[in-house]
Every structure is written in C-alpha cells, then in structure tokens.
Amino acid sequence: MARSTPIPEGFLEIGHVRRAHGLRGDVFVQLVTERIERLAIASTLSSGQGEVTAESSRVLPDGRWVVQFGHVAGRAHAEVWSHVALYA
C-alpha cells in the first residue's frame, strides 16, 4: 500500500489504526515496531489527524491490539481514524 502522506520529520511510524472495535470508541492498532510500550497508558502519539493519548490498551490472544484513545468517543468517531498512521 502506497503512503499517502510523508512521515513527519523527526518521527518514526510505529503503527496504524486498522478499524473501529466495539461501540465505545476502541480501535484496533497494528504495530510495526516491537516496542509495545508505544501503546502504554498515557503514551502520546502523533498522526495526520493530530495527537492522541492512549487511555487503555490491551493485546488480544490472537496478538491484535485494542486501544482507547482519549478524545475518540464512540464508534462513529473511531471509524474516522481507520487507516491512520501513528508516529512517535
């Protein structure tokens, strides 16, 4: 998949939001790094849509991450974040 926006200078791409999960605004995040602390509670990440802070995160038995970002409220808002790259 071709990158539609360049990585901001001074940042590394650490993953991207795959899709919404549930009704409360949780999202699936696919990491492209082995540094799982990037999704620790209170971690702030940058994106093309602004900064987000992880309020909760958990890994499912199949290895997928489910993350709740602070200002993403509800499924409709979470769906806007689908396919958004995350940087640290």
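Start by selecting Arg 75: at 31% relative accessibility, this residue counts as partly exposed (buried means under 20% relative accessible area, exposed over 50%, partly exposed in between, with a 1.4 Å probe and protein chains only). Before you click on, know that this is a predicted model, where local features need pLDDT of at least 70, side-chain atom pairs count only at pLDDT 80 or more, and totals for chains, interfaces and linings use all residues. Residues are numbered from 1 along each chain as its sequence is written, and side-chain values use heavy atoms, with hydrogens and water left out.

Glu 79 and Arg 75 form a salt bridge, their closest N and O atoms being 3.0 Å apart (a salt bridge is a side-chain nitrogen of Lys or Arg within 4 Å of a carboxyl oxygen of Asp or Glu). Why are these two about one helical turn apart? Because they sit 4 residues apart in helix H1, residues 75-80 (helices are DSSP runs of H or I, at least four residues, and strands are runs of E, at least two, numbered from the N terminus).

Next stop: Asp 26. Is Asp 26 buried or exposed? At 6% relative accessibility, Asp 26 is buried, while Arg 24, at 64%, is exposed. Asp 26 makes a salt bridge with Arg 24 at 3.5 Å between the closest N and O atoms. Show Arg 58 as well: here the closest N and O atoms of the salt bridge to Asp 26 are 3.9 Å apart. That pair links distant parts of the chain, with Arg 58 in strand E4 and Asp 26 in strand E2 (residues 26-31), 32 residues apart. Together, Arg 24, Asp 26 and Arg 58 are linked in a network of salt bridges.

Now switch to cartoon view. You'll see a closed barrel of 6 strands, running E1-E2-E5-E4-E3-E6 with antiparallel pairing (two strands pair if DSSP finds at least two bridges between them).

Select E3 (residues 44-47) and E4 (residues 52-59), which are joined by 2 bridges. Thr 44 stands opposite Thr 53, and Leu 45 faces Val 52. In the turn of this hairpin, find Gly 50, with a positive phi of about 110 degrees.

Slide over to E5 (residues 65-69), which has 5 bridges to E4. Ser 56 has Gln 68 as its bridge partner, and Ala 54 stands opposite Phe 69. Finish at Gly 63 in the E4 and E5 hairpin, where phi is positive, near 95 degrees.
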